[in-house]
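Dear colleague,

I am handing over the structure below, with notes on what was found in it. Please read them beside the sequence and the model.

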Amino acid sequence: INKIQSVPPGIVASNYFSFSPDSGYRHSDTLRPGLGYWVKTRGEGSLVLKSLDVPCPGIPRVEYGGRTYHTVQIADQCWLRENLDVGEQIWAGLQQEDNGTIEKYCWIDEPVNCTKFGALYQWNEAMQYTTLPGAQGICPPGWHIPTLGELRALDTTVGGDGNQLKMLRQGTGNGAGTNTTGFSALLPGYRHLDGSFSIFGYQTYFWTSTERTSTVANSLYLFYNFNDIYFYYNDKNYGFSIRCLKD
């Protein structure tokens with residue numbers, strides 16, 4: 001039961017109980033498949049079993065760009081658990097350029113926000129100026145920026161439920177994260193075309209490596225108040241988050 005989390009936190013108000021016809025109700029510290037259990041709560045909410053939250057076999061973590069990233073296995077896909085944060089920070093009013101240096105934006109130009117929430121990248125910078133779907137881009141060696149098809153496969157795995165991808169306490173109401181997959185998505189908003197930042201705590205946007213035209217590319221959205229997963233396309237000069245997928 002120490003693996004169970006509640007949304008919202010703190011609603012569990014009793015021990016967990018099992019039942020046997022011979023001995024009646026008994027405290028239980030382990031929930032076994034196929035059996036029923038009872039617990040008292042202080043209010044409405046969800047109990048989240050974290051049994052699917054496991055690292056990729058043989059690759060629990062990846063050292064890259066001075067940071068440690070953790071991995072999570074979701075069906076047959078191996079993902080980095082954190083948003084990518086690699087490169088040198090530039091002011092949000094500047095454009096990221098093909099100059100041999102990976103450049104990144106940090107929310108409201110504060111470096112600590114890159115550490116907490118990952119950096120934001122324009123599409124061309126993230127792709128390192130190739131348009132090849134599935135390109136490594138700024139990801140570690142052996143990893144790549146997911147294609148639209150690979151993110152749609154993730155959508156299928158969770159049955160279209162974006163809450164399974166969001167970190168606990170990210171979102172509210174119908175959009176409250178359960179993180180049953182361990183994907184641990186945050187809601188850091190994005191960098192706008194004019195260099196401003198928007199919707200921190202309300203949405204997250206992930207670039208795919210699949211472009212739609214020479215000026216726009218496909219992306220995945222998660223919203224704070226909806227459990228749906230959305231796919232759309234955006235101008236490549238927006239600054240979005242990057243998640244890397246194992247080759």
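Setting aside neighbours within four places in sequence, P60 is in contact (heavy atoms within 4.5 Å) with P55, Y69, H70 and T71. P60 lies in the loop between β4 (46-49) and β5, where helices (H or I, at least four residues) and strands (E, at least two) are DSSP runs numbered from the N terminus. With a relative accessible area of 36%, P60 is partly exposed; on this scale buried means under 20% relative accessible area, exposed over 50%, and partly exposed in between, with a 1.4 Å probe and protein chains only. The C-alpha atoms of P60 and H144, which are 84 residues apart along the chain, are separated by 17 Å.

Before going further, please note that this is a predicted model, in which local features need pLDDT of at least 70 and side-chain atom pairs count only at pLDDT 80 or more, while totals for chains, interfaces and linings use all residues. Residues are numbered from 1 along each chain as its sequence is written, and side-chain values use heavy atoms, with hydrogens and water left out.

The chain as a whole has three helices and 16 strands, and its C-alpha atoms fill a box of roughly 75 × 35 × 30 Å along the principal axes. Of the 247 residues in the chain, 47% are buried. Among contacts with a separation of 6 or more, 52% are between residues 24 or more positions apart. The accessible surface comes to about 12,100 Å², and 51% of that surface belongs to carbon and sulfur atoms; the areas come from the Shrake-Rupley method with a 1.4 Å probe, and for residues only the protein chains shown count as cover.

H144 and M127 are 17 residues apart in sequence, and their C-alpha atoms are 9.2 Å apart in space.

Turning to the interior, in soluble globular proteins nonpolar side chains tend to be buried together. A nonpolar core is here a set of buried Ala, Val, Leu, Ile, Met, Phe, Trp, Tyr and Cys residues joined through side-chain atoms within 4.5 Å. The largest such core has 30 residues, and those with the most contacts inside it are L84 and I242. Two or more residues of this core come from each of β5 (61-64), β7 (77-80), α2 (123-127), β13 (203-211) and β14 (216-223). Beyond its neighbours within four places in sequence, I242 is in contact with N83, L84, Y121, A126, I138, C139, I145, F206 and W207. Another core, of 16 residues, lies apart from the largest one and has V72, L165, I229 and L245 among its members.

S184 is found in the loop between α3 (148-157) and β11 (190-191) and is buried, with a relative accessible area of 6%. Away from its neighbours within four places in sequence, S184 is in contact with R81, L165, M167, N179 and R243.

Two residues other than glycine have a backbone angle worth checking. Most residues other than glycine have a negative phi. I108, in the loop between β9 (103-104) and α1 (111-117), has a positive phi near 45 degrees, and I108 is partly exposed at a relative accessible area of 48%. Y129, in the loop between α2 and β10 (143-144), has a positive phi of about 65 degrees although it is not a glycine, and Y129 counts as partly exposed at 31% relative accessibility.

Lastly, K40 lies in the loop between β3 (24-27) and β4 and counts as exposed at 57% relative accessibility. The C-alpha atoms of K40 and S14 are separated by 5.3 Å, although the two are 26 residues apart along the chain. Neighbours within four places in sequence aside, K40 is in contact with I11, V12, A13 and S14.

With best wishes
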